[in-house]
Structures are given as structure tokens and as C-alpha cells.
Amino acid sequence: MSRSKKHKGKMLKEKQTKKLPIMSILFMVIVIAIFGAALYLIISKSATLEPVNKDAIKMTITMAGFEPNTIRAKVGQPVTINLINPDNSHHTDGGGMHNFILTSGLANLNITVLPESQEVFTFTPTQKGEYHWYCDICCGGKENPAMHGTLIVA
Ligand SMILES: [Cu+2]
């Protein structure tokens, strides 16, 4: 009698301890899944977009500015830029959009690049000199020194 009672008690204890690991494993699986999803989102959002035009000058534009921010060109030779915007639309400033404005006497460019996308454009410098392009969507726009670039035409 006392033996079966003891046995029953052991069974009950076993049942309880067995239940706990399943719950904690399930919890861990959920935690890992959530963190994994978050990590995936972070990585995928900052993933480098491959340029669609491999022959173009690859240029990225982020909140930090243009990279590269200086390009050299020659009079009469077309310049093709593949402008990549890896910023996502969750940016509060400018909604992740950027643009490339170059109007200073050389060209009339105003190219907007949507979040996580890219634009390819071509222009031909007609005269020598130093020209500046900028982005006026984010970070104070034209007034922000980071949102500038220099085109040197020789
Ligand atoms: Cu910008």
C-alpha cells in the first residue's frame, strides 16, 4: 500500500518535471524564431543591392551621404551612374528617399531614388569645371554637407 502510494507520487513528480522542459523548449523556439525574424529583417533591410548596370559608376546614397562623393569625368564623354539607395522606408527623415540634383550650369538632373531601390541615369558633361550635386530630401537637404558630391570635369 505504502509502496504504490510512493510510486504514484513519483509518477506525478515525473509528469510535472516532464511537462516543464517541453514548455521551456517551446518558449525557446518561439524566442529564437522572433529573434531570427528580427535579425533577418535588419540584415535584409541593410542588404547591399546589386547594381543593375555593371558598367555604370556604382554610387550609394544613405543618411551618411553619397559614396563615392567625388567623381571625375571628361567633356563630351557620357557619365552613367547607378545610384543605389539601401535605406528602408522606416527612416523618419525623408521616409528613406534620397535624390540626386545636379543643376549647376552643366546638367538638369533631379533623380529621386525610392527606399531600397536604385536608378540608372546618364548625362554628358559639356564643359570643364567643378560641379556640385546634392540631395534635398533628407537631413536638412542642401544645407547638409554630407548630402553633397563633387563632379570634376576635365
Ligand atoms: Cu538624402
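Set aside the neighbours within four places in sequence, and His-132 is in contact with Ser-104, His-148, Gly-149 and Thr-150; contact here says that the C-beta atoms of two residues, placed from the backbone, lie within 7 Å. Before going further, keep in mind that this is a predicted model, where local features need pLDDT of at least 70, side-chain atom pairs count only at pLDDT 80 or more, and totals for chains, interfaces and linings use all residues. Residues are numbered from 1 along each chain as its sequence is written.

So where does His-132 sit? It is found in strand S8. Helices (H or I, at least four residues) and strands (E, at least two) are DSSP runs, numbered from the N terminus. His-132 counts as partly exposed because 14 other C-beta atoms lie within 10 Å; on this scale, 20 or more other C-beta atoms within 10 Å of a residue's own make it buried, 12 or fewer make it exposed, and partly exposed is in between, with C-beta atoms placed from the backbone. Ile-152 is 20 residues away from His-132 along the chain, and their C-alpha atoms are separated by 8.8 Å.

Strand S8 covers residues 129–134 and pairs with S9 in the antiparallel sense over six bridges, where pairing takes at least two bridges found by DSSP between the two strands. Within that pair, Glu-130 stands opposite Ile-152 in S9. Strand S9 (residues 148–153) is also joined by four bridges to strand S3 (residues 70–73), and these two run parallel. There, Ile-71 stands opposite Leu-151 in S9.

Now step back to the whole chain. The protein has one helix and nine strands, and from the N terminus on the elements run α-β-β-β-β-β-β-β-β-β. Of the contacts between residues at least 6 apart in sequence, 65% join residues at least 24 apart. Buried residues make up 18% of the 154 residues.

Next comes an open sheet of four strands, with the order S2-S1-S4-S7 and mixed pairing. Its edge strands are S2 (65–67) and S7 (117–123), each of which pairs on one side only. Neighbouring strands of this sheet are turned by 25 degrees against each other on average, direction ignored; the axes are lines fitted to C-alpha atoms, for helices over the stretch in contact, and angles run from 0 to 180 degrees between N-to-C directions.

Take the sheet pair by pair. Strand S1 (residues 57–62) is joined to S2 by three bridges, and the two run antiparallel; Thr-60 stands opposite Glu-67 in S2. S1 and S4 pair in the parallel sense over four bridges, and in S4 the bridge partner of Met-59 is Leu-83. Seven bridges then join S4 to S7, running antiparallel, with Thr-80 opposite Thr-122 in S7. S4 is largely enclosed by the rest of the structure, because five of its seven residues are buried.

Of its 17 residues, Met-59, Ile-61, Leu-83, Phe-100, Leu-102, Trp-133 and Cys-135 touch the most other members. The elements giving two or more residues to this core are S1, S4 (79–85), S5 (98–102) and S8. Not counting residues up to four places away in sequence, Ile-61 touches Phe-66, Leu-83, Asn-85, His-98, Val-113 and Cys-135.

Technical notes. A nonpolar core is a set of buried Ala, Val, Leu, Ile, Met, Phe, Trp, Tyr and Cys residues joined through C-beta atoms within 7 Å.
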